[in-house]
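Here is a walk through one protein structure, taken a feature at a time. Keep the sequence and the 3D view side by side as you read.

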Amino acid sequence: QVHVVESGGGLVQIGGSLRLSCTASGMIFSIYSMGWYRQAPGKQRELVAAITSGGSTNYADAVKGRFTISRDNAKNTVYLQMNSLEPEDTAVYYCKTVVSTIEAPGSQFEYWGRGTPVTVSE
């Protein structure tokens, strides 16, 4: 079993900053990638940022220059530093990890966290 837990969400003023954390735990053999997605009411879930085990990153155009994703592979943890927050950033942020398990080290499985809400006040 693999568990994914996010933290760091909350209420922040326009222009403020927030840092999200996500940690994966359990019978993990290796992590291929970890990333952040967000979903606002009435909208589809969208990619915010992702990072591979090799360090390659991918950002949504809407957050480039404002958000930074980083990782600590030894701790199976990924971070999302969010600066210059705007009302449009309000959403539930979900962490996704792609891993291989100890019992199936050659396979890839997706695990999602339950989400952490971020609200940017107007």
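A disulfide joins C22 to C95, with an S to S distance of 2.0 Å. The structure holds one disulfide. The model is predicted, and this distance is computed from it. C22 lies in strand β3 and C95 in strand β9, so the bond ties together parts that are 73 residues apart in sequence. Which hand does the disulfide have? The torsion about the S-S bond is about -80 degrees, so the disulfide is left-handed. Both cysteines, C22 and C95, are buried. Buried here means under 20% relative accessible area.

Next comes the core. In soluble globular proteins, nonpolar side chains tend to be buried together. In this model the largest nonpolar core has 30 residues. Which of them touch the most other members? They are W36, L80, M82 and Y93.

Leaving aside residues up to four places away in sequence, M82 touches G16, S17, L18, L20, R66, F67, Y93 and V118.

Now the surface. M27, F29 and I102 form a nonpolar patch there. Together they have about 330 Å² of accessible area. I102 is found in the loop between β9 (91–101) and β10 (109–112). Is I102 buried or exposed? Its relative accessible area is 51%. The cut-off for exposed is over 50%, so I102 counts as exposed.

Last, the backbone. Most residues other than glycine have a negative phi. Two residues here go the other way. N76 is not a glycine, yet it has a positive phi of about 50 degrees. N76 sits in the loop between β7 and β8. At 21% relative accessibility, N76 counts as partly exposed; the limit for buried is under 20%. S84 also has a positive phi of about 50 degrees, and S84 is not a glycine either. The place of S84 is the loop between β8 and β9. With a relative accessible area of 40%, S84 is partly exposed.

Note on methods: Residues are numbered from 1 along each chain as its sequence is written. This is a predicted model: local features need pLDDT of at least 70, side-chain atom pairs count only at pLDDT 80 or more; totals for chains, interfaces and linings use all residues. Side-chain values use heavy atoms; hydrogens and water are left out. Patches are made of residues with over 30% relative accessible area and no salt bridge: like charges are joined within 9 Å, nonpolar side chains (Val, Leu, Ile, Met, Phe, Trp, Tyr) within 5 Å. Accessible areas come from the Shrake-Rupley method with a 1.4 Å probe; for residues, only the protein chains shown count as cover. A salt bridge is a side-chain nitrogen of Lys or Arg within 4 Å of a carboxyl oxygen of Asp or Glu. Helices (H or I, at least four residues) and strands (E, at least two) are DSSP runs, numbered from the N terminus. Buried means under 20% relative accessible area, exposed over 50%, partly exposed in between (1.4 Å probe, protein chains only). A nonpolar core is a set of buried Ala, Val, Leu, Ile, Met, Phe, Trp, Tyr and Cys residues joined through side-chain atoms within 4.5 Å. Contact means heavy atoms within 4.5 Å. A disulfide is a pair of cysteine sulfur atoms within 2.5 Å.
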